[in-house]
Amino acid sequence: GKWFLPFLAAMLVGGLALIALRSRWLRGENQLESIVSRESAFLFNNVLFVAAAFTVFWGTIYPVVHELATGIRLSVGPPFFNAVFIPLGLALLGLTGIGPLISWRGMSTRALGRVMLAPLVSGGVMMMALAIAGIRSVGALLAFGLCAFTAVAVGGEFARGSRVFRRREQLGWISALGRTLSRNRRRYGGYVVHLGVVLIVLGLSGAAFRTERHALLEPGESMNVGSYRLTYAGSHSERTPEKQIFVTEIEVARDGRAIGTLRPQRNFHLAQRQAQSEVAIRSTPIEDLYVVVTSVDRDGSAALRSFVNPLTWWIWAGAVVMLAGMGILISGTSGAQPARHRSEVEVRAARAPEPDLVAP
């Protein structure tokens with residue numbers, strides 16, 4: 001604490017001092033002309049990111065400040081960060097869908113309502129369908145609804161861009177989509193990144209339906225977790241120069257049908273004299289099944305913990321999509337000419353906002 005707190009204070013005061021000293025160079029040349037504009041969407045987006053950064057800062061520094069002031073040590077755990085970050089994340093997801101629909105400089109509320117109609121209807125239908133299916137978590141309903149809203153909003157931008165090339169050059173949908181991406185890689189590469197964010201949020205939202213079960217099982221006994229039935233078939237030990245390995249065999253069935261065998265391990269590292277569990281995972285696009293063995297007794301019984309985590313696969317898929325979008329973005333800027341070699345007209349044109357396909 002005595003080193004960490006002064007370090008954070010120096011970073012905070014030093015950063016604010018630099019901003020104050022260089023404020024005239026940091027001030028933008030353009031003015032915010034309308035609250036309903038893409039510039040304002042970027043502004044709100046940055047405000048939310050600053051709020052998220054402040055949340056991390058305060059959650060980190062508060063225990064130190066409280067201990068210095070009262071002598072009592074506190075801890076700030078996941079409940080605090082979840083309570084703050086879930087609303088911030090949902091707001092950022094909404095802006096991810098709204099931003100591409102808004103024109104630069106400004107657009108009328110009537111035009112905004114027209115382009116937002118299909119995404120809003122999609123989000124509403126998604127929330128109603130999930131509510132009818134029995135989902136009662138407000139956070140999960142909002143998350144899935146905003147995912148549908150953003151996906152339809154971004155997909156609509158690709159559809160409108162491709163429609164232009166279909167009419168102009170008589171191309172098929174696939175060729176028109178490829179032409180749209182290649183002709184404006186910075187813009188549509190960013191939209192691909194938005195779709196990756198949607199997939200990641202979709203995967204994170206699956207945590208609302210997480211199922212957990214733990215039990216002490218004798219060989220031949222079973223336990224149920226979600227729609228799976230796990231049967232403990234037995235265990236055996238192996239030994240290497242570095243560790244002793246206890247391998248547990250778990251037969252997995254779903255809806256009465258055998259689907260495979262998982263082999264979670266409990267390893268005892270000889271040099272460190274420390275035990276460690278190795279998780280067995282069965283991953284599908286729908287859900288992941290995790291099985292952990294926490295202990296193996298001398299009589300052959302094993303303490304097992306199992307988790308069913310829905311939609312986790314989509315977090316990794318979203319990361320891959322975001323990486324692809326970044327690749328498109330980089331390929332669209334790699335050939336850019338340095339500013340010092342451009343004429344004044346070229347620099348002015350480069351700074352001009354990209355034209356929207358949706359008229360305000």
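User: Which residue does E287 form a salt bridge with, and how far apart are the closest N and O atoms?

Analyst: E287 pairs with R254, and the closest N and O atoms are 3.3 Å apart. A salt bridge here is a side-chain nitrogen of Lys or Arg within 4 Å of a carboxyl oxygen of Asp or Glu. The pair links distant parts of the chain: E287 sits in strand β9 (residues 287-296) and R254 in strand β4 (residues 243-254), 33 residues apart. Helices (H or I, at least four residues) and strands (E, at least two) are DSSP runs, numbered from the N terminus.

User: What sort of model is this, and how are residues numbered?

Analyst: This is a predicted model, where local features need pLDDT of at least 70 and side-chain atom pairs count only at pLDDT 80 or more, while totals for chains, interfaces and linings use all residues. Residues are numbered from 1 along each chain as its sequence is written, and side-chain values use heavy atoms, with hydrogens and water left out.

User: Back to that pair. Is E287 buried or exposed? And R254?

Analyst: E287 is buried because its relative accessible area is 9%. R254 has 26%, so it counts as partly exposed. The cut-offs are under 20% relative accessible area for buried and over 50% for exposed, with partly exposed in between (1.4 Å probe, protein chains only).

User: How many salt bridges are counted?

Analyst: Six. One of them joins E212 to R210, with the closest N and O atoms 3.7 Å apart. E212 is partly exposed because its relative accessibility is 36%, and R210 is partly exposed at 43%.

User: Switching to aromatics. How many aromatic pairs come out?

Analyst: The count is eight. Among them, F80 and F81 are edge-to-face, 5.1 Å centre to centre with 75 degrees between the planes. Rings of Phe, Tyr and Trp (its six-membered ring) pair if their centres lie within 6.5 Å; planes under 30 degrees apart count as stacked, over 60 as edge-to-face and the rest as tilted.

User: How accessible are F80 and F81?

Analyst: F80 is partly exposed, with a relative accessible area of 31%, and F81 is partly exposed at 22%.

User: What about the rings of W313 and W314?

Analyst: Their centres are 4.8 Å apart and their planes stand at 85 degrees, so this pair is edge-to-face. W313 is partly exposed at 35%, and W314 is partly exposed at 26%.

User: Which residues do ring pairs link into a cluster?

Analyst: F158, Y188 and Y191.

User: Now the surface. Which residues make the nonpolar patch?

Analyst: F54, W58, Y62, I72, L74 and F80 make a nonpolar surface patch of about 540 Å². Patches are made of residues with over 30% relative accessible area and no salt bridge; like charges are joined within 9 Å, and nonpolar side chains (Val, Leu, Ile, Met, Phe, Trp, Tyr) within 5 Å. Accessible areas come from the Shrake-Rupley method with a 1.4 Å probe; for residues, only the protein chains shown count as cover.

User: Which helix gives the most to the nonpolar patch, and where is I72 found?

Analyst: Helix α3 (residues 38-70) gives the most, with three residues. I72 is in the loop between α3 and α4 (78-98), and is partly exposed at 48%.

User: Which residues gather in the patch of negative charge?

Analyst: E218, E221, D297 and D299 gather on the surface. Asp and Glu count as negative, Lys and Arg as positive, and His and the chain ends are not counted. A charge is placed at NZ of Lys, CZ of Arg, CG of Asp or CD of Glu. E218 lies in the loop between β1 (211-217) and β2 (222-225), and is partly exposed at 35% relative accessibility.

User: Last one, backbone. What is the phi of D255, and of L311?

Analyst: D255 has a positive phi of about 55 degrees although it is not a glycine. D255 lies in the loop between β4 and β5 (257-262) and is exposed at 69%. L311, also not a glycine, has a positive phi of about 65 degrees. L311 is in the loop between β10 and α9 (313-333), and counts as buried at 17%.
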